Amino acid sequence: MTDPLLFDIAEVLIASDRLQERVGELARAIDRDYAALRPVLVGVLRGSVYFLVDLSRQLRIPHEIDFMAIAAYGTRHATTGAVRLLKDLEDEVTDRHVLLVEDIIDTGLTASYLVRLLRARRPASLAICTLLDKRTRRIAEDLPIRYVGFEIPDRFVVGYGLDFRQLYRNLPFVGVLREEVFND
């Protein structure tokens with residue numbers, strides 16, 4: 001039986017095997033850079049969960065995981081920059097090495113908000129690891145992005161945690177959503 005969600009995908013942008021290969025490369029870089037530091041990986045719910053779990057499983061260094069959830073306001077074409085915190089960290093990050101794990105950085109406004117929030121807690125260090133970087137749409141420029149999985153074009157992508165109306169997260173690849181789907 002064919003998955004009905006697949007009919008909504010115009011093309012596969014990043015295949016599952018390439019995603020896993022790149023996650024492994026990022027994990028090795030993080031292992032090297034944080035070898036003796038025991039970082040806290042902060043996942044941004046809900047989109048980063050798939051990436052964070054795969055990344056964590058490939059890390060060989062001791063690390064902790066925590067989560068934040070936010071609501072960003074705007075549309076696919078325009079953002080207001082308004083962000084609201086829905087879920088805060090469970091543990092303190094003062095004097096800890098924090099690695100913010102994002103599924104995608106687009107305009108950067110949400111990441112900028114989270115960086116300001118986390119910096120106010122005085123971590124020992126703060127960096128960002130993002131699976132996807134949509135640099136062409138960047139508004140917030142002063143982000144501590146240290147690890148990037150893939151730079152992608154300005155297309156509406158879903159899969160591997162990324163959604164449209166809470167669907168498509170479970171696709172094992174990153175795909176471009178057909179325009180007719182989000183224009184309905």
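1. A word on terms to start: a contact here means heavy atoms within 4.5 Å. With that in hand, Leu118 touches Met68, Leu89, Val93, Val98, Leu100, Pro123 and Leu126, leaving aside residues up to four places away in sequence. Please keep in mind that this is a predicted model, where local features need pLDDT of at least 70, side-chain atom pairs count only at pLDDT 80 or more, and totals for chains, interfaces and linings use all residues. Residues are numbered from 1 along each chain as its sequence is written, and side-chain values use heavy atoms, with hydrogens and water left out.

2. Where does Leu118 sit? Its place is in helix 3 (residues 109-119); helices (H or I, at least four residues) and strands (E, at least two) are DSSP runs, numbered from the N terminus. Leu118 is buried, at 0% relative accessible area. Here buried means under 20%, exposed over 50%, and partly exposed in between, with a 1.4 Å probe and protein chains only. Between Leu118 and Val98 there are 8.5 Å from C-alpha to C-alpha, with 20 residues of separation in sequence.

3. Next, the largest nonpolar core. Such a core is a set of buried Ala, Val, Leu, Ile, Met, Phe, Trp, Tyr and Cys residues joined through side-chain atoms within 4.5 Å. It has 29 residues, of which Ile30, Phe51, Leu55, Cys129, Leu132, Tyr147 and Val174 touch the most other members. Two or more residues each come from helix 1 (16-33), helix 2, strand 5 (97-105), strand 6 (125-133), strand 7 (145-151) and strand 9. Helix 1 gives the most, with six residues. Apart from this core lies another, of 18 residues, including Ile70, Leu100, Leu118 and Leu126. As background, nonpolar side chains in soluble globular proteins tend to be buried together.

4. How many aromatic pairs are there? The count comes to two, where rings of Phe, Tyr and Trp (its six-membered ring) pair if their centres lie within 6.5 Å, and planes under 30 degrees apart count as stacked, over 60 as edge-to-face and the rest as tilted. Tyr50 and Tyr160 make a tilted pair, 6.4 Å centre to centre with 50° between the planes. Tyr50 belongs to helix 2 (residues 49-58) and Tyr160 to the loop between strand 8 (157-158) and strand 9 (174-177), so the pair ties together parts 110 residues apart in sequence. Tyr50 is partly exposed at 33%, whereas Tyr160 is buried at 4%. Phe156 and Phe164 form an edge-to-face pair, 5.5 Å centre to centre and 90° between the planes. Phe156 is buried at 16% relative accessibility, and Phe164 is buried at 13%.

5. Some backbone details deserve a look. Most residues other than glycine have a negative phi, and most peptide bonds are trans. The bond from Leu45 to Arg46 is cis, with omega near 5°, and Arg46 lies in the loop between strand 2 (40-45) and helix 2. Asp95, not a glycine, has a positive phi of about 65°. Asp95 is in the loop between strand 4 (79-87) and strand 5, and counts as exposed at 61% relative accessibility. Tyr168 also has a positive phi, near 80°. Tyr168 is found in the loop between strand 8 and strand 9. Is Tyr168 buried or exposed? At 3% relative accessibility, Tyr168 counts as buried.
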